[in-house]
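Morning, everyone. I have one structure to take you through today. Here it comes.

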Amino acid sequence: MKSPLSLLATPAPVVPLLETPDLLLRGPRLSDLPDAAAMHTDPDFYRFLGNKPQSQEDVWRRLLGQLGHWAMLGYGSWAIEEKATGRYIGTVGFFDFQRDLTPSISGAPEAGWVLTPSVHGRGFASQALQAAFGWAEAHLAADRITCIIDPDNVASLRLADKFGFREFARTTYHDAPIVLLERRR
């Protein structure tokens, strides 16, 4: 019989594996923590995400939350791995953070994507979103998917538009302006 520690060393896969020409979309791994933590301390990364770095502890909770979404809701975020290097470069997927927003986005999965700045401009976000939305079309029954984006994040707003998101409101979230968008089936 395996000891409890050896069982923890090989967690059961709960996140479906998706593949694009350049990327693997997979569940988060313990080995992702150093790259994820470094990403969250890069000012070019966090400037549109609350404009402050996150500690390794906070990033660890994010990784655990990714798996928690899959386990509790049947959908969630994928870790993005660059095939050529095997390196963790970000996340993409769907979640429900129970955000305190007016107007509310509760009841609709929220899409999100973040990539390390060193890979911006290479088309990886488009590849990752294409794969994630392909999975969503086949597995999510939702008629509406939402997302929130900092109004100054022109690149993300452009990408959201490319994938059919349309603005439906502007509000504040954590004392900062935010754009609410939706994508209908």
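Ground rules before that. This is a predicted model, so to speak: local features need pLDDT of at least 70, side-chain atom pairs count only at pLDDT 80 or more, and totals for chains, interfaces and linings use all residues. Residues are numbered from 1 along each chain as its sequence is written, and side-chain values use heavy atoms, with hydrogens and water left out.

Annotation. UniProt, in an unreviewed entry, places "domain: N-acetyltransferase" at residues 23–185. UniProt positions are in the numbering used here, feature names are shortened, and annotations may be inferred rather than shown by experiment. Over residues 23–185 the chain is 33% helix and 29% strand. The end C-alpha atoms of that stretch are 26 Å apart. Helices (H or I, at least four residues) and strands (E, at least two) are DSSP runs, numbered from the N terminus.

Now the backbone. Most residues other than glycine have a negative phi, and most peptide bonds are trans. Which peptide bond is cis here? The one from Thr102 to Pro103, with omega near 0°. Pro103 lies in the loop between strand S4 (87–95) and strand S5 (110–115). Gln98 is found in that S4 to S5 loop too. Its phi is near 55°, a positive value in a residue other than glycine. Gln98 is exposed, at 57% relative accessible area. On that scale, buried means under 20% relative accessible area, exposed over 50%, and partly exposed in between, using a 1.4 Å probe and protein chains only.

Next, His174. It also is not a glycine, and has a positive phi of about 55°. His174 sits in the loop between strand S7 (166–173) and strand S8 (176–184). Relative accessibility is 64%, so His174 counts as exposed.

On to charges. Side chains of opposite charge can pair when their charged atoms come close. Our rule for a salt bridge: a side-chain nitrogen of Lys or Arg within 4 Å of a carboxyl oxygen of Asp or Glu. How many salt bridges does that give? The count comes to 15.

Take Glu19 and Lys83. Their side chains meet in a salt bridge, 2.6 Å from N to O. Glu19 lies in strand S1 (residues 18–19) and Lys83 in the loop between strand S3 (77–82) and S4, so the pair ties together parts 64 residues apart in sequence. Glu19 is exposed at 56%. Lys83 is partly exposed at 31%.

Arg61 and Glu57 form another salt bridge, at 3.0 Å, N to O. Both are in helix H4 (residues 56–73), four residues apart, so about one helical turn separates them. Arg61 is exposed at 52%, while Glu57 is partly exposed at 48%.

Glu167 forms a salt bridge with Arg170, their closest N and O atoms being 2.8 Å apart. Glu167 is partly exposed at 42%. Arg170 is exposed at 54%. There is also a network of salt bridges, linking Arg26, Arg29, Asp32 and Glu81.

Last stop, helix H5, residues 124–139. The expected span of a helix is 1.5 Å times one less than its number of residues. For the 16 residues of H5 that should be 22 Å, and the end C-alpha atoms are 22 Å apart, which agrees. Which residues of H5 are buried? Among them are Phe124, Leu129, Phe133 and Trp135. The buried set also includes Ala125, Ala128, Ala131, Ala132 and Ala136.

That's my tour. Over to you.
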